[in-house]
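This report describes a single protein chain. The model and its sequence are shown first, and the description follows.

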Amino acid sequence: MPSAAATGRGPAAAAGRMEEEDDEDGGRGAPGSTAVATSRHFVRCLYAVAFLDLFGVSMVVPLMNLHIKSLGASHTVAGIIGSLYGIMQLFSSTFVGCWSDIVGRRYSLLACILLSALGYFLLGASTTVFLFAISRVPVGIFKHTLSISKALLSDLVSERDRPLVMGRFNAASSVGFILGPVVGGYLTELEDGFYQTSFLCASIFLLNAGLVWMLPWSEENTGNRERQQGKEGTDSFSAKANHDLHLKSVTNGAMASNSLFQSPWIQVTTVLKRIKGIACSDLWDIFLVRLLMSVAILLYYSNFSLALEERFGLKPLFAGYLISYSSALGVVAGCLLGPITRLYQHNTYRILLHSSSLTCTLILLYASAQSIWMVILSSTFLAFSTTIGRTCIIDLELTIGGNEGSGTLLGVGQSVTSVGRILAPLLSGIAQEFSPCGPPSLGVGLALAAILIMNANKQKYCSHGNVKLKNQ
C-alpha cells in the first residue's frame, strides 16, 4: 500500500513564508533549510504545471469553432457541442474535486492530465463532426487539472501564505493563456495546422503528466518534519501551524492510501456523502457571492467588441488588443497579491470586499463611459480587481469551509462558475435588446447584490479573519 506521501496529498510543507526570500543568514546550516528549498521547488513545479496547462489549451480553443465548421457542422450543432462541454464541466467538477480528496492529489491529477491528453489526441484525429464531439467528452469530464493543483497548493501551504501562492499560480497560468493563442495562430497557417496544434497540445499534457509524476512527493513529507523541528522554539506559531498542517496532511494522506484501493462503489458513495455535506453547510452565501461576481464580470466581456463598435465606432481588432492588455495586467496583479495581503494584514474578507466594490465601480464607469479613454481606464484597473477578487473568494471558501476537503470545495466553486457561464450569455442577450450598455449595467446590479450579501454576513467572515490574525 502506498505511503501517505505517495498519495499525492503530500504533506503540508509551507508553514512560514515559503515563497519569500530566506532570512538574512539564508537559512544556511539551519535545521529545515533543505525542507524550505524542497517546498519552493515543489510549488514552482506546480506553477510550471499551470503554465503548460493553459498554454496547451489556449493554442487549440480559439481554433475549434473554425475547425468544426470546416467539418460541415452548422452553427446550431457547433453551439450544442459547446454547450454539452460546459454542462459536463458543470457536473463533473464537483465530483472530480471530491474524488481527489478521497484517492489523493497525485493520482487524481495524473488521471485528469492523461485523460485530457487523450481528448486532445482524439481532437487531432477528428475528421468528422461525430469524432469531434467524442473528443470533447474526456476533456469535459476530466479537464480539472488547475482545480486539483489549487487544492494541492492549499494542502501544502499555510492559510497565511495561500493568497500569495494562489496569486502566483494564477499569474503563471495567465502567461500561458496569453502566449498560447499566438503559437496556435502561427501553427494553423501551416498545412493541417489544426491537427498539428491539437497533437502538440496533447503532447504538452503528456509532458505535464511526466512533470507531476516526478514531483518530490516523498521528500515533501521528510522536509515538512525537518522544517517543523527547525522552527520549534524559535517561532511558536509557525511550529504549531506546521504541526497542525502536518497532522491534517498525514491523516488525509492515510485516508487517500486506503481509499485508492476501495471499490468504485465505495468511492462513489463517499463522494456523494461529501457533496451532501457541502450542500447542507452554511457556505451558500460564499458560493452566491462567487456566482454573482462571475456573472457580473462575464456580462462586462459578453458584448465587449460589439459594444465598442456600436458606441465608439472601433473595430474588433482594438477590442482584441484591449483584452490582451487586460490579461497581461492580470498577471501583474497576481504577482502583487503578496504585498497587498500584507498591507491588509492577511484579512481576506476586507480584500474581497474592497476588490468587489472596485469591480462594481469600474463596470459602472465602463457602462457610462463617454470616451474610449474611460474604457481603457476601467479595463486597466478591472484587470487588477477581478484577479485579486478571484483569488480571495477561493481563499475565503477554503478558510470558512476548512472542515471540508479542499478538492470538494474548489470543485463546487468551479461548478458555481460554470453556472455563471451558462447564465451570462442568456442574460446578456436579453439586456442587449434594450441597449449596448445593458449587459454591463446588469453586471453592476449583480455586483452590488454580492457586496450587500458580504456586508450582511460581515460578522461571519470577520470571526474567521480574527481567529486567523490572532493565531499569527
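The sections below move from the overall fold to the core, the aromatic residues and selected local features.

## Basis of the description

The model is a predicted one, in which local features require pLDDT of at least 70 and side-chain atom pairs count only at pLDDT 80 or more, while totals for chains, interfaces and linings use all residues. Residues are numbered from 1 along each chain as its sequence is written, and side-chain values use heavy atoms, with hydrogens and water left out.

## Overall fold

The chain holds 19 helices and zero strands; both are DSSP runs numbered from the N terminus, helices being H or I of at least four residues and strands E of at least two. Of its 472 residues, 54% count as buried. Here buried means under 20% relative accessible area, exposed over 50%, and partly exposed in between, with a 1.4 Å probe and protein chains only.

Contacts are taken as heavy atoms within 4.5 Å. Among those between residues at least 6 apart in sequence, 84% join residues at least 24 apart.

## The largest nonpolar core

A nonpolar core is a set of buried Ala, Val, Leu, Ile, Met, Phe, Trp, Tyr and Cys residues joined through side-chain atoms within 4.5 Å. The largest one has 98 residues, of which Val-60, Tyr-120, Phe-304 and Val-375 touch the most other members. Helix H1 (residues 33-70) supplies the largest share of this core, 16 residues. Because domain 1 (38-217) and domain 2 (266-471) both give residues to the core, it lies between them; the domain bounds come from an automatic or database domain assignment.

Apart from neighbours within four places in sequence, Val-60 is in contact with Tyr-120, Leu-123, Phe-194, Thr-197, Ser-198 and Cys-201.

## Aromatic pairs and charges over rings

Six aromatic pairs are found in a search of the whole structure. Rings of Phe, Tyr and Trp (its six-membered ring) pair if their centres lie within 6.5 Å; planes under 30 degrees apart count as stacked, over 60 as edge-to-face and the rest as tilted. Phe-121 and Phe-199 form a tilted pair, because their ring centres are 5.9 Å apart and their planes stand at 45 degrees. This pair links distant parts of the chain, with Phe-121 in helix H3 (residues 105-124) and Phe-199 in helix H7 (residues 193-213), 78 residues apart. Phe-121 is partly exposed at 31% relative accessibility, and Phe-199 is partly exposed at 34%. In the pair of Phe-194 and Tyr-195, the centres are 6.1 Å apart and the planes at 80 degrees, so the arrangement is edge-to-face. Tyr-195 is partly exposed, with a relative accessible area of 21%.

Ring pairs also link Tyr-300, Tyr-301 and Tyr-366 into a cluster. The charged end of Arg-311 sits over the ring of Tyr-366, 5.2 Å from its centre, and that of Arg-136 sits over the ring of Tyr-85, 4.4 Å from its centre. The criterion is that NZ of Lys or CZ of Arg is within 6 Å of the ring centre and within 35 degrees of the ring normal.

## Buried helix residues

Arg-290, in helix H11 (residues 284-302), counts as buried at 10% relative accessibility. Leaving aside neighbours within four places in sequence, Arg-290 contacts Ile-393, Ile-394, Glu-397, Gly-413, Gln-414, Val-416 and Thr-417.

Ala-383 belongs to helix H16 (residues 372-400) and is buried, with a relative accessible area of 4%. Not counting residues up to four places away in sequence, Ala-383 touches Ser-326, Leu-329, Gly-330 and Ala-333. The C-alpha atoms of Ala-383 and Val-331 are separated by 8.9 Å, although these residues are 52 residues apart along the chain.

Helix H18 (residues 438-456) has 19 residues and reaches 27 Å from its first C-alpha to its last, close to the expected 27 Å; the expected span is 1.5 Å times one less than the number of residues. Its buried residues include Gly-438, Pro-439, Pro-440, Gly-443 and Val-444.

Gln-345 lies in the loop between helix H14 (337-343) and helix H15 (348-367), and His-346 is found in the loop between H14 and H15 as well. Neither is a glycine, yet phi is positive in Gln-345, near 55 degrees, and in His-346, about 60 degrees. Gln-345 counts as exposed at 52% relative accessibility, whereas His-346 counts as buried at 9%.
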